[in-house]
Amino acid sequence: MHINPQETHKQNIAALTIAAIGVVFGDIGTSPIYTIREVFSPRYGIIPSEANILGCLSLIFWALALIVSVKYIFFMLKADNRGEGGMMALLALVLKATEKKPKKRFLLIALGLFGAALFYGDGIITPAISVLSAVEGLGVATPTLQPYVIPITIVIVILLFMLQQRGTAGVGALFGPVTVVWFGVLGFLGIINLGLDVSVFRALNPIYAVQFFITNKIFGFLAIGAIALAITGTEGIYTDMGHFGRKPIRIAWSLWVWPNLLLNYFGQGALILAQPETIAHPFYNMVPSWGLYPLIGMTTIATVVASQAVISGTYSLTRQAIQLGYCPRLDVFHTSESEIGQIYMPWINWMLLAAVLLLILSFGSSSNLAGAYGVAVTGMMAIDTVMAYFVVTHLWGWQRWYALPIAMIFLAIDLVLFAANSVKILHGGWFPFTIGLILFTLFTTWYRGRQGLIRELAPDALELKPFLNSLSTYPPQRVSGTAVFMTTSSNAVPHALLHNLNHNKVLHERVVLLTVKTEEIPHVSSQDRVVVEPITDEFFKILVSYGFKDQPDIPAALELCAPMGLTFNTMDTSYFLSRQTLVPKLGKDMALWREKLFALMSRNSSSAISFFKLPANRVVELGTRIEL
């Protein structure tokens, strides 16, 4: 049977487009539940007059057009790292772009790490506000169910996080179809309500957005913080680019997601103009009473899908941070044999659950959480703009006269949205900033601690060449087998090798000095994975390279050495690792509290055995005491 490659390509694009609707746009798809309601919340004092309704719709339309369509769909998707996106991919590009500019490099690394830290705040807030806003529909259906909103939300959230260890492959298969239907429902609800007042399409004119500010003055500016809720989840457009590609994401947004979002927002506007009393919950009032419970059920499913995508993104970001050296090793479990991106991280999962539950119990309603949400989202968007500017000008050679005006327009919009949300710092906005500062401190402490540890070990390290000469002069007893010593520097003698030689007085007949390097690219192909350098007939250097999205597997990497004449028998190969006992001490490079924090993180990091997939019964660990 003849297979048409062009037809197959079209089928792949269609499948990826459907999947992208579920994973990439699940978060932004839940925004209509609460956005317009928050704009007219009593805290802003803006009345739902015709002019204000049209102004609100105009702001939402232009926010989606300029920020999502132009900035992220068109501009940010171009700032890829070999097809991959996200804050860590962008940070890796910045590291490459500023190699010879240490001052800019330091500031941009700090900015990128803080942006990554804010993503964790988003990962905590999204499940809380999304699921809570869905379940709050029960209180709209009947006030007698209002006391059960928080307990039901907590049960759903706990079940969601407990299911993570089973893997997201099965759930992920439903992401696309479920969310495609969800956006269809959003559009349908909008259409049936637009008949109440089709004049709402006047809001496409930006003059209504301008008049909204002129009329409401400072309160109009503050309400912009609620408008930002309409663009939550836009970071996912860039983060998930590597999973789906630019074209499917752009098709999904342009042909299905954006049209249905606009129909729903404008349908809510038409409903409020015709029935002002629906302003308290315009989304749930879009359906007749008989359709309310089915809508609540579907809304809950949609919010669970949106939450799942953010939780999976948090796992992915953490693994990338580990690979780039900003986070200690944590246990990573693969939940799919075919999809490398399907991972589960127990420590991250349970910390997220605890934080989400604390958030739900502390804030009590999605309206109270709205302030916290906007700060995290707009902060990440501003950081994206700054870092993307440096990438396109320093790495891709864009002329500044061309790149700067574009970046300044985007940054001005980001900063206005951020400023409007920053006034809510005392009313929930403190939460993502607190999470961001804590994680930023952990990231920078781990990075600085590792650098300091390398400096402490360097003076005691013996150069490899004189050491090999001494072995030929005073040869130790040799034993059969292969010894693999993992080391950060292939030009120095590993501490584990010296300890083994001093204590056991033997050396294996074949010795491998293995260095693992993380490249500033997402993936390293198997052809480029290993580089073998013979030193003598018995000594070899092996460099194993991984991308920041690759999962290290040392035994699998060593199998790639066979074509280079170096084979490894699993039962005849021993792995030697150094385990450092860290002792914080005053007067060193870092403050004492940072040294203690680094030592604590080091003690609680997962074993190198599991992280590098080493066979546990073939590993020898030798300890070293180091004063920081």
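Modeller: Let's begin with charge: there are 42 positive and 36 negative side chains, and the centres of the two sets sit 6 Å apart. Here Lys and Arg count as positive, Asp and Glu as negative, with His and the chain ends left out, and each charge is placed at NZ of Lys, CZ of Arg, CG of Asp or CD of Glu. Keep in mind that this is a predicted model, where local features need pLDDT of at least 70, side-chain atom pairs count only at pLDDT 80 or more, and totals for chains, interfaces and linings use all residues. Residues are numbered from 1 along each chain as its sequence is written, and side-chain values use heavy atoms, without hydrogens and water.

Now for the inside. Of the 628 residues, 55% are buried, meaning under 20% relative accessible area with a 1.4 Å probe, protein chains only. The largest nonpolar core has 178 residues, and Phe25, Leu64, Ile249, Trp253 and Phe443 touch the most other members. Such a core is a set of buried Ala, Val, Leu, Ile, Met, Phe, Trp, Tyr and Cys residues joined through side-chain atoms within 4.5 Å. Helix H5, residues 102–135, gives the most to this core, with 17 residues; helices are DSSP runs of H or I, at least four residues, numbered from the N terminus.

Zoom in on Ile249: beyond its neighbours within four places in sequence, its contacts include Phe25, Ile73, Leu77 and Asp240, a contact being heavy atoms within 4.5 Å. There's also a second, separate core of 17 residues, with Leu471, Phe485, Ala496 and Leu501 among them.

Conventions. Buried means under 20% relative accessible area, exposed over 50%, partly exposed in between (1.4 Å probe, protein chains only). Helices (H or I, at least four residues) and strands (E, at least two) are DSSP runs, numbered from the N terminus.
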